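Please open the model in your viewer and keep the sequence panel beside it. The tour below moves from one selection to the next and says what is found at each stop.

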Amino acid sequence: MSPKLWLRAMRQWPRWTIIPIGLALAGFAIVLGLILEPAGYALSPTLVEPTPTLPAITYGQGISTSCEDCHFSKDALQASAADPAVASDYFIQSESAATAHGRLGCLACHGGDGMAQDKDGAHQGLVPDMSAQNPQTCLICHEGLPNEIPHDRLRVPHGQIVDHVEQGEPCDVYCSDCHGGVGHGFDPLSGEKFCSMTVCLDCHQERDLEVQITDCDACHIGPHDVAVSLTCNDCHTSTETWEEVALGIHPVALPGQHGQVACFQCHQYPDFKGLNNVCTDCHISGHTDWGDHDCSACHDPGATWDLVADTWDEHTEHWDQYKGAHLKVSCDGCHFETYTDLDPNCNTCHAVPESHEGTRADADCTGCHQADQPWTD
Amino acid sequence: MAEHHWGWLVAIYLFLGGMGAGSFLMAAAVELTGMRYRQKYCPTALVGAGVSGPLILIGTVLLIFDLGAGLREPWRILLMFTNLQSVMTWGIWILSLFLPIAFIYGILEVMHVYPQILAWARKRLAFLPETLPYRRIKRVLAIVGGVLAIGTAIYTGVLLSVIQAVPLWNTPVLPALFLVSAVSTGMGLTFDLAATLAVPEVHRHYRHMPLIHMLFIGLEIGLLALLLISALMQGGVAAESAKLILLGKSSVVFWVLVMGFGMFYPLMVHVYAFARKSHGYLSGVLSGAGIVIAGLFVRYLIVAAAIPVAL
């Protein structure tokens, strides 16, 4: 019978038959689903497996509520601590739950039972410091740890630690020794809490490690190709910041404002190369058509550019009238166009008076007048 | 990657529970709006009232087979009525109240369509009245049963969403999605499939159905997209679950059966029906089939793709 005829016949059936038809349709949908599901799976792409964005670690987000209820609240800690005097040591800022490690949840690193209602139950199987007890767990996420931090020009002991962990050997240094409570708000990579050198120094001294604290090169990758005779301490006066530098051993005197300029405003970073120790290395001359590189012939390095050496022997060699009132005139007063090819004749600047018109108009003024004497003499 | 906890049995239970609740809601809606009485015969009301009880009962029976100790020692099931802090206990109470109401409503609807059943029963039980105020009784049961039906549909979503160890489930979107899906599958079964088979011109009597279908399908698409997008943005395990559905081994089932055949095709059919004020017989039946299939696989994919937090 054709489908159309079946449908026509079905419409002649008693009305109650639509109920079992409805049930049959629901069952048919389920059977169809059971058949189509493996077919769909077989046709689905097998290569496009979702790449795990995170390694297979224990995610405790959402099931660490008991931990947060206690450790985010000082009152709760006081109430449950065996020794209330040290209860505040276990207080954790709630904002730490939003950090990269905090979002994993307390259980991810510390284990325990994050849903238990009592302290003993919550602390069952607790791991206080995962980096000490299970350091390999840190390495699940933190692969390829660098041995140098180029931005800070720093050598770090990651390689030695990773080697020990991978070989299953005991390691005296744990991740948390330098990186602190990474899950609780201390993030050395963000720069918010700078891991100062004192952290390294204190630990090195406590453990009497082989690397000498005075051996700056052991940890710091210096940018300078300094002379063999110099050490880091010769210039750098602080172990907290490299910017505190002493200038006592600067090979060139740094008079005036020169001593207040940062090193790399004059020198090229990082090896101090590029300077010829002349003024024009840094300063642009206002009179490029005249003069040589020795600006100090006229200008006092310890003062401003405006002050020019009062005595400049060469000036009188060029012009014997550089004396008297002429000494009070600024350089630009005569050299307003050029410092070279300036006509030394008096009428370059001075007008010939009417009384001299005639036979004395072309005469040499210095025959009668000298710059260090009044015109009337 | 950890295996999912629950399999086909739970997915079918969720599907039957949702569709049974949605079917009842369809029957209650046509009853309370009076649309049931505009024609001599309303197949939607008959199917909706008749299938809702059996569907939920079958789903509940399947659920019992999924139990572990409860199957071997059935008396332990009674303990599930006492833990009022558990969503499962809420569900058991809701089902315990809804099932008898659904069956009674179904029987009353059949008796209303076939008055000779009451006459036959009076011959054996003389105390039975000659007639019953079907409309009044059904109206009360429709209201009470309707509330319980909504509770049943929502509870199936809440059951999964309270599980914090499965990030894909742990979202308030899930109960809303399951409720919308339940109503949509109920409409698909009672109206598009069964009623259209029985009375091909049934859509002419319910001119607003295409618009209502469009609304619910659109809502379902939106909520499903919200669920998956929020899972992807959450990252970690939730994102891996979502990627399983969208790109992994469940992708063909999702894109072809759920989104293609189950949502976009019915949406197009009902947009056409809304615009042209009619749609073909075959397209109506197929769109109903698609909606029902989508409802089944939405639940199955959500159950199957869930990846729990490893402990």
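Begin by selecting helix 12 of chain B, which is mostly covered, since 19 of its 24 residues are buried; a residue counts as buried if 20 or more other C-beta atoms, placed from the backbone, lie within 10 Å of its own, as exposed if 12 or fewer do, and as partly exposed in between. Helices (H or I, at least four residues) and strands (E, at least two) are DSSP runs, numbered from the N terminus. This is a predicted model, in which local features need pLDDT of at least 70 and side-chain atom pairs count only at pLDDT 80 or more, whereas totals for chains, interfaces and linings use all residues. Residues are numbered from 1 along each chain as its sequence is written, while chains are lettered from A and ligands numbered from 1 in the order in which they are written.

Stay with helix 12 (residues 281–304) of chain B and compare its ends: the end C-alpha atoms are 34 Å apart, which agrees with the 34 Å that its 24 residues should span at 1.5 Å a residue, the expected span being 1.5 Å times one less than the number of residues.

Now widen the selection to the whole of chain B, where there are 12 helices and 0 strands. Buried residues make up 52% of its 311 residues.

Next, colour the largest nonpolar core, which has 108 residues, with Leu177(B), Ala194(B), Ile293(B), Phe297(B) and Leu301(B) having the most contacts inside it. Such a core is a set of buried Ala, Val, Leu, Ile, Met, Phe, Trp, Tyr and Cys residues joined through C-beta atoms within 7 Å. Its largest share, 17 residues, comes from helix 7 (residues 173–198) of chain B.

Centre on Ala194(B): leaving aside its neighbours within four places in sequence, Ala194(B) is in contact (C-beta atoms, placed from the backbone, within 7 Å) with residues that include Ile18(A), Ile21(A), Gly22(A) and Leu25(A).

Finally, select Gly145(B), in helix 6 (residues 134–161) of chain B. Gly145(B) is buried, because 27 other C-beta atoms lie within 10 Å. Leaving aside neighbours within four places in sequence, the contacts of Gly145(B) include Phe24(B), Ala28(B) and Tyr105(B).

Methods:
Two residues are in contact if their C-beta atoms, placed from the backbone, lie within 7 Å.
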